[in-house]
Amino acid sequence: MSWKTIDDMDFKGKVALVRVDINVPVEAGRVTDATRIEKIVPTVKDIQEKGGKVVLLAHFGRPKGQVVPEMSLRVTLPALEAALGQKVAFAEDCIGVTAKKAVAAMEPGDVLLLENTRFHAGEEKNDPTMAASLAALGLVYVNDAFSAAHRAHASTEGIAHRMPSCAGRLMEAELKALNAALGDPERPVVAIVGGAKVSTKLDLLGNLVQKVDHLVIGGGMANTFLVAKGIEVGTSLAERDMAETAKEILAKAEGAGCAIVLPTDVVVAKEFKAGAESRTVAAGECGADEMILDAGPDTVDLIAEVFARCRTLIWNGPLGAFETPPFDAATTMAARKAAELTRGGRLVSVAGGGDTVAALNKAGVAEDFSYISTAGGAFLEWMEGKVLPGVAALED
């Protein structure tokens with residue numbers, strides 16, 4: 001790894017500018033899920049133990065460079081103070097005289113939250129003046145926001161070139177987990193990619209067939225691949241205009257020695273609703289008036305066999321319409337198999353993406369996976385093989 005961590009830095013008596021992601025859900029002026037806030041605690045505590053003063057940089061919502069009072073970070077203060085077990089000061093701006101005065105009043109061990117970085121248009125434009133104004137507030141930069149690392153913004157990328165920089169604990173854990181899954185993994189590697197559309201995951205599929213030994217395709221995407229193989233899918237969600245592209249991906253996989261796993265049996269229904277009457281048929285036997293809503297039990301057995309032969313699993317996207325029972329069965333059964341192998345030390349399992357995290361939570365196995373990324377877009381771009389500006393800046 002070519003980036004520094006908190007262990008490599010001297011914080012004694014210094015102001016540390018810590019980029020965090022505390023873009024949390026809020027209802028009626030209160031934080032309803034403080035998970036992201038709780039995850040920054042180890043980074044803050046470690047900097048404090050090394051004698052540093054912690055200044056938190058963060059965005060909230062999409063104010064588009066305007067001051068939008070309902071997108072003020074002030075709303076997060078009670079949750080921050082509860083998570084850290086201490087008073088957190090607040091500055092009404094993230095740059096300029098207001099921010100400088102608030103920083104100047106700090107003592108070692110203090111925590112200061114600056115107002116929404118996105119209240120300034122220079123943040124999302126990665127404006128050098130904005131980055132310089134932020135950098136002027138401290139002596140060390142710590143990026144602990146992997147989930148914002150795919151954005152080249154002033155507080156995630158520009159600032160890192162202007163001062164000694166390192167990864168925070170959350171960023172460090174994420175990068176180590178991701179490197180173990182795709183950078184330098186234990187082989188064989190299996191990836192599951194689910195979701196509705198092939199068109200939204202072309203870069204992902206193109207990258208993975210060159211990196212993994214087995215690629216399981218689920219969800220509506222699998223229907224498009226079945227169509228590409230000449231299999232009728234009735235009224236199922238499928239991008240028929242992407243059939244040629246799907247064929248190209250299958251050919252690319254074959255050339256790279258990557259085995260593609262598609263459903264061999266499917267769960268079909270005439271309508272898409274909870275508790276709809278359904279039946280399990282071979283993949284080619286979906287009726288003209290039926291739609292495929294989940295993978296069948298034989299497919300799950302096949303996936304379980306692949307898991308058992310592999311050492312590393314990367315998972316992004318469900319195998320079926322998991323939000324609507326009974327079409328959550330394949331995702332749940334496959335997740336439980338992966339969890340069992342992980343618990344037994346036979347599989348390193350890394351999962352990410354909103355739907356995936358929700359599906360694993362629903363299956364009751366999220367705690368058993370080796371690592372779950374809550375980063376969404378950044379996790380997906382990493383899987384696509386793209387350079388993440390916020391990470392690249394730390395490597396300079």
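Residues are numbered from 1 along each chain as its sequence is written, and side-chain values use heavy atoms, with hydrogens and water left out. Because the model is predicted, local features need pLDDT of at least 70 and side-chain atom pairs count only at pLDDT 80 or more, while totals for chains, interfaces and linings use all residues.

**Stop 1: helix H3**

Select residues 77-84, which form helix H3. Helices (H or I, at least four residues) and strands (E, at least two) are DSSP runs, numbered from the N terminus. Which residues of H3 are buried? They are Leu77, Ala79, Leu80 and Leu84; buried means under 20% relative accessible area, exposed over 50%, and partly exposed in between (1.4 Å probe, protein chains only). An α-helix has 3.6 residues a turn, so residues three or four places apart point the same way. Pro78 and Ala82, on the other side of H3, are exposed.

Now show what covers the buried residues of H3: the cover includes helix H1 (35-38), helix H2 (41-49) and strand E4 (53-57), as well as strands E3 (30-31), E5 (89-91) and E6 (111-114). Contact here means heavy atoms within 4.5 Å. After H3, select glycine 85, which has a positive phi, near 70°.

**Stop 2: salt bridges**

The structure holds 21 salt bridges. A salt bridge is a side-chain nitrogen of Lys or Arg within 4 Å of a carboxyl oxygen of Asp or Glu.

Begin with aspartate 21 and arginine 36, whose side chains meet in a salt bridge at 3.2 Å, N to O. Aspartate 21 lies in the loop between strand E1 (15-19) and strand E2 (26-27) and arginine 36 in helix H1, so the pair ties together parts that are 15 residues apart in sequence. Aspartate 21 is buried at 8% relative accessible area, whereas arginine 36 is partly exposed at 27%.

Next, select aspartate 46 and arginine 169, which form a salt bridge at 2.7 Å, N to O. Aspartate 46 belongs to helix H2 and arginine 169 to helix H8 (residues 169-183), so this pair ties together parts that are 123 residues apart in sequence. Aspartate 46 is partly exposed, at 21%.

Then go to lysine 386 and glutamate 384, where the closest N and O atoms of the salt bridge are 2.9 Å apart. Is each partner buried or partly exposed? Lysine 386 is partly exposed at 37%, and glutamate 384 is buried at 13%. Elsewhere, salt bridges that share partners join Asp7, Asp46, Arg169, Glu172 and Lys176 into one network.

**Stop 3: nonpolar cores**

A nonpolar core is a set of buried Ala, Val, Leu, Ile, Met, Phe, Trp, Tyr and Cys residues joined through side-chain atoms within 4.5 Å. Select Phe146 and Leu215, which touch the most other members among the 76 residues of the largest core. Around phenylalanine 146, leaving out residues up to four places away in sequence, the contacts include Met171, Leu175, Phe379 and Trp382. A second, separate core has 30 residues, among them Met9, Ile22, Val44 and Val54.

**Stop 4: cysteines**

With a disulfide taken as a pair of cysteine sulfur atoms within 2.5 Å, the count is 0 disulfides. Cysteine 310 is buried at 3% relative accessibility, and cysteine 286 is buried at 9%.
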